[in-house]
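Welcome, and take a moment to turn the model around before reading on.

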Amino acid sequence: MTADAGRRDRTPLALLEIATLLSGIGNGVALVALPWLALQLTGTATAASVVATATAVPLVASSLFSGTVVDLVGRRATAVGSDVASALSVAAIPLLAAATGLTLPALALLAALGAVFDPAGATARESLLPDAAARAGLDLEQANAVHEAIWGSAFLVGPAVGGVLIGVAGPTTTLWLAAAGFAVAVTASALVRVPGAGRPPRDARDGGVWRGTTEGLRFVWHDRLLRDMSLFSMALVAAYLPIEGVLLPVYFEQQGAPERLGVVLMALSAGGIVGALAYGRWGRRYQRRAIFVVAVIGASVAMVVVGLLPPFVTMVAASGLVGLLYGPVDPLISLAMQTRAPPLVRGRVLGVRSAAEYAAGPLGLMAAGPAVDTFGIRPTLIVVTLVLLAIALSAIGLRSLHGLDALQPAGPAEQDNARRGPPA
């Protein structure tokens, strides 16, 4: 096989994105079903907050170490193992409900067990992306846009289908769909063959998990662009996650309309897909810093509209606009991480980004449920969305973001020439 033929082999990228899509669908279904199930068990918003927090708290530690696990164990093995664990933990919920009955502590525990492996799987797939993109003849900037669009597609399908099935069959039965998505993702990930997918060389595994993790932390901390983007993303997630994970589910549960929650989340994802793909197609015509700042501020303004709880049609349109405007943000963050990190430490650097975001989540989630029970859903949503907007406006003063315009990602040929060894 010639080098050009190897570069144009799109099978690894297709398999990688199939795994991303199906794993994301599983998570999207669970995102809707788990808080709904908690609300059915107890009837309080605090219960939904407890379950959402239970899924987020373990992610702080697991995401911090997950990138190092990817670098030490191997990218493909980590992606497969993560989805196997997620499938088993999600399937255990309906099995337990049928066998002995489900309690809130049991639900929270199983939700936490399922979530704890997600960062490793996501980091592994993102670490595989540059090599798979090189095989497909796609430059890294385009590949990140496609990858984020696929991930967005998963959260377009998952929550929408999950919301509909909850109304038809109930949240417990709906979780079987999530388990099926994880199971098929396992097969797709297992078939990915690109350089760097298998077990790393012995010298790259010296030092263990703790040393590898601290190396990743030091690398990000001493790179001003990566450090500032990680902290900024952390703050955004702290404000946004309660909206999607607790506040909107509570609002639509009070309305008795689970399918409307699915539609709103579907609009968010659909907008994100279009925004990411548009960035991949036309984004290089403009300065990356300008795109990033406009994207986060514009998306936050649109989210304030959602927080005002307007008529449903307006809410759906505003949600779509949130996704559309935010679409370029994750591809830009991924591009910075992948471009600045050497291949052998790519996983642990990407893991630091995930850990920063997951560490922020519980802060908002723990407060969201009690705030709704005390002050009501509308005042809480307004305050949270205004905080989100204030965080977004701070991007204007981040001078380090000028580093985005200095990034020089390799094209397909340069990426391919940088790889060593046959597909693993």
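## A walk through the model

Let us begin with the largest nonpolar core, which has 89 residues, and in which Leu-247, Phe-292 and Val-296 touch the most other members. A nonpolar core here is a set of buried Ala, Val, Leu, Ile, Met, Phe, Trp, Tyr and Cys residues joined through side-chain atoms within 4.5 Å, and buried means under 20% relative accessible area, with exposed over 50% and partly exposed in between (1.4 Å probe, protein chains only). Helix α10 (residues 224-255) gives this core its largest share, 13 residues. Val-296 touches Phe-232, Leu-236, Tyr-326, Val-329, Ala-392 and Ala-395, not counting residues up to four places away in sequence; contact means heavy atoms within 4.5 Å. A second, separate core has 12 residues, among them Leu-13, Leu-15, Leu-16 and Ala-133. In soluble globular proteins, nonpolar side chains tend to be buried together.

A word on what you are looking at: this is a predicted model, in which local features need pLDDT of at least 70 and side-chain atom pairs count only at pLDDT 80 or more, while totals for chains, interfaces and linings use all residues. Residues are numbered from 1 along each chain as its sequence is written, and side-chain values use heavy atoms, with hydrogens and water left out.

Now step back to the whole protein chain. Its secondary structure comes to 17 helices and zero strands, where helices (H or I, at least four residues) and strands (E, at least two) are DSSP runs numbered from the N terminus. Of its 424 residues, 57% count as buried. Among contacts between residues at least 6 apart in sequence, 89% join residues at least 24 apart.

How do the helices pack? Two packed helices are described by the angle between their axes and the distance between the axes. Helix α4 (residues 75-99) packs against helix α5 (residues 104-115) at an angle of about 165°, with the axes 8 Å apart. That makes α4 roughly antiparallel to α5. Axes are lines fitted to C-alpha atoms, for helices over the stretch in contact, and angles run from 0 to 180 degrees between N-to-C directions; under 35 degrees counts as roughly parallel, over 145 as roughly antiparallel, 65 to 115 as roughly perpendicular and the rest as oblique. On the α4 side the contact is made by Ser-86, Ser-89, Ala-92, Ile-93 and Leu-96, and on the α5 side by Ala-106, Leu-107, Leu-110, Leu-113 and Gly-114.

Helix α4 also meets helix α8 (residues 171-190): their axes come within 8 Å and cross at roughly 160°. So α4 is roughly antiparallel to α8.

Glu-148 sits in helix α7 (residues 140-169). Is Glu-148 buried or exposed? Glu-148 is buried, with a relative accessible area of 13%, and, not counting residues up to four places away in sequence, touches Ala-276, Asp-330, Pro-331 and Ser-334.

Gly-283 lies in the loop between α11 (258-282) and α12 (288-307) and is buried, at a relative accessible area of 5%. The C-alpha atoms of Gly-283 and Gln-142 are separated by 9.6 Å, although the two residues are 141 residues apart along the chain.

Leu-309 belongs to the loop between α12 and α13 (312-326) and counts as buried at 7% relative accessibility. The phi of Leu-309 is near 50°, a positive value in a residue other than glycine.
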